[in-house]
Amino acid sequence: MPDTMELYTGETITVDHVESLPTGGARFDITANDGRKWRIDVDRDGDVDVVTTWRDGSLADLDVPEWMDDVAARLLRS
């Protein structure tokens with residue numbers, strides 16, 4: 001079940017745990033309210049690897065927002 005997270009920018013995102021990774025990290029879908037979505041892998045050190053991105057449901061080449069490292073750090077602590 002997806003959770004919401006408020007960012008330091010004031011924006012709210014949806015975070016959905018997709019699966020645990022064999023390396024000890026986890027895969028998440030991060031969805032912004034403006035239709036952007038990132039599937040990311042977060043390793044045990046909090047490093048982020050972008051798997052794929054979408055805009056309005058279509059594959060897109062999105063930049064990684066500055067707040068993504070903060071999201072990864074918060075996911076690591078939870």
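Predicted model: local features only at pLDDT ≥ 70, side-chain atom pairs only at ≥ 80, totals over all residues.
A salt bridge is taken here as a side-chain nitrogen of Lys or Arg within 4 Å of a carboxyl oxygen of Asp or Glu. Glu11 sits in the loop between strand 1 and strand 2, and Arg36 in strand 4 (residues 36-42), so the pair ties together parts 25 residues apart in sequence. Glu11 is partly exposed, at 22% relative accessibility. Arg36 is buried, at 17%.

Two further salt bridges involve other residues. Asp41 and Arg27 meet through their side chains at 2.6 Å, N to O. Asp41 belongs to strand 4 and Arg27 to strand 3 (residues 26-32), so this contact links parts 14 residues apart in sequence. Asp41 is buried, with a relative accessible area of 14%. Lys37 pairs with Asp29, the closest N and O atoms being 3.7 Å apart. Lys37 is partly exposed at 26% relative accessibility, whereas Asp29 is buried at 6%. Through shared partners, salt bridges also join Glu11, Asp34 and Arg36 into one network.

Strand 1 pairs with strand 2 (residues 12-20) in the antiparallel sense, over 4 bridges. Within strand 2, Thr12 is the bridge partner of Glu6.

Definitions and conventions
Residues numbered from 1 in each chain as written. Heavy atoms only, no water. Pairing = 2+ DSSP bridges. Helix = DSSP H or I, 4+ residues; strand = E, 2+ residues; numbered from the N terminus. Buried < 20%, exposed > 50% of the residue type's maximum accessible area, 1.4 Å probe, protein only.
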